[in-house]
Amino acid sequence: MSSPPRPLHARRVVVTGGAGFIGSHLCRRLLDAGAEVLCVDNFYTGSRALIAPLLGHARFELLRHDVTFPLYVECDEIYNLACPASPVHYQLDPVQTTKTSVHGAINMLGLAKRVKARILQASTSEVYGDPLVHPQKEDYWGHVNPIGPRSCYDEGKRCAETLFMDYRRQHKLRVKVARIFNTYGPHMHPGDGRVVSNFIVQALTGQPITLYGDGQQTRSFCHVSDTVDALMKLMGTRDDFAGPVNIGNPVERSMLDIARLVLELTGSRSELVFEPLPQDDPRQRCPDITLAREELGWQPTVELRNGLLDTIAWFDKCLAGGPEDRRM
């Protein structure tokens, strides 16, 4: 029988990719819960500005480190979020993207094995590819192009999941795998090329809002506060539960609907323009979160309109600031 985890206020937690979008929110939430937090980031896509408010905290430490190299620290839990997560960033250096997912997983699993820590892998809905099953359940194996321009990320994350499950079977590691669907909110990078950030930045700056195909492809959008809540709940589950678990919002919206809602909320007069659909861009992406409801007692609580208002305020501040604000 596994021993119960130490209270969060007594735990030492490593967050790789901790200066990124989701990671910076997670670091704050862990500190608020009383944990000691070591933020590990190489700042390839993360930003020091996102964690600047945490740098003076007595229980927060920052380490500039690339997870493709081994890490030797003491900890009780590891959240492995390190990897560029938007096509604009992960396609800039696809070989490094794959190395970050695969070598990074091996190195963090090695650390967890040495110090007997729990470890959570931030996987992605991209493991389902352009799905032939809708909505996607965790037992669906996916429909992924292994040699396309998105493969460095899709297949890298699929391989990381394989490694996590093999370390669990072979070394009895206490692993958790979260498949994160589209997440949005404050701390998004203005130039990351994701749907929400693209639409909001274009609307706020008066540029045409770019839609691909006919704009009818669908996504589901989960506010970052809900995503972080799910990750922490997953880490706290019993040792014999590893996942994978879908984390996302099961309410689908078309790209055209999102664009129109952003125009309404920003008061922008930007026009809508339509471009060809990128290669391997999924037509539908929506999670079945039955398992998350049953095992984590979790479901999203932030309504899209409120979440977008929160995000628009963030981007408005970024765009009005100096160069450091604009690169956040």
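Helices here are DSSP runs of H or I, at least four residues long, numbered from the N terminus. The model shown is predicted.

Figure 1. Arg-158 and Glu-155 both sit in helix α5 (residues 151-171), 3 residues apart, which is about one turn of the helix. Their side chains meet in a salt bridge, with 3.1 Å from N to O. Are these two buried or partly exposed? Arg-158 comes out as partly exposed at 27% relative accessible area, and Glu-155 is partly exposed too, at 25%.

**Figure 2. Asp-229 reaches across to Arg-29.** Here the closest N and O atoms of the salt bridge are 3.4 Å apart. This pair links distant parts of the chain: Asp-229 belongs to helix α7 (residues 224-235) and Arg-29 to helix α1 (residues 21-32), 200 residues apart. Asp-229 has 24% relative accessibility, so it counts as partly exposed. Arg-29 also counts as partly exposed, at 29%.

**Figure 3. Glu-295 and Arg-238, a helix paired with a loop.** The salt bridge between Glu-295 and Arg-238 brings their closest N and O atoms to 2.7 Å. Glu-295 is in helix α9 (residues 290-296), while Arg-238 is in the loop between α7 and β11 (245-247), so the pair ties together parts 57 residues apart in sequence. Glu-295 is partly exposed at 27% relative accessibility, and Arg-238 is partly exposed at 44%. In total, the structure holds 13 salt bridges.

Figure 4. How many disulfides does a search of the whole structure find? The count is 0. Take Cys-39 to begin with: its closest cysteine sulfur is in Cys-27, 4.4 Å away, and that is too far for a bond. The cut-off for a disulfide is 2.5 Å between the sulfurs. Cys-39 is buried, with a relative accessible area of 0%. Then there is Cys-286, whose closest cysteine sulfur belongs to Cys-222 at 11 Å, again too far for a bond. Cys-286 is buried as well, at 4% relative accessible area.

**Figure 5. Inside the largest nonpolar core, around Tyr-79.** This core has 63 residues, and Leu-30, Tyr-79 and Leu-308 are the ones with the most contacts inside it. Helix α8 (residues 255-266) gives the most to this core, with 8 residues. So what does Tyr-79 touch, leaving out residues up to four places away in sequence? Its contacts include Val-13, Val-14, Val-15 and Thr-16, along with Leu-26, Leu-30 and Leu-120. Leu-231, Met-232 and Met-235 are on the list of Tyr-79 contacts too.

Figure 6. As for the protein overall, pLDDT averages 90, and 92% of the residues score at least 70.

Conventions: Residues numbered from 1 in each chain as written. Predicted model: local features only at pLDDT ≥ 70, side-chain atom pairs only at ≥ 80, totals over all residues. Heavy atoms only, no water. Buried < 20%, exposed > 50% of the residue type's maximum accessible area, 1.4 Å probe, protein only. Salt bridge = Lys/Arg side-chain N within 4 Å of Asp/Glu carboxyl O. Helix = DSSP H or I, 4+ residues; strand = E, 2+ residues; numbered from the N terminus. Core = buried A, V, L, I, M, F, W, Y, C linked by side-chain atoms within 4.5 Å. Contact = heavy atoms within 4.5 Å. pLDDT = per-residue confidence, 0-100.
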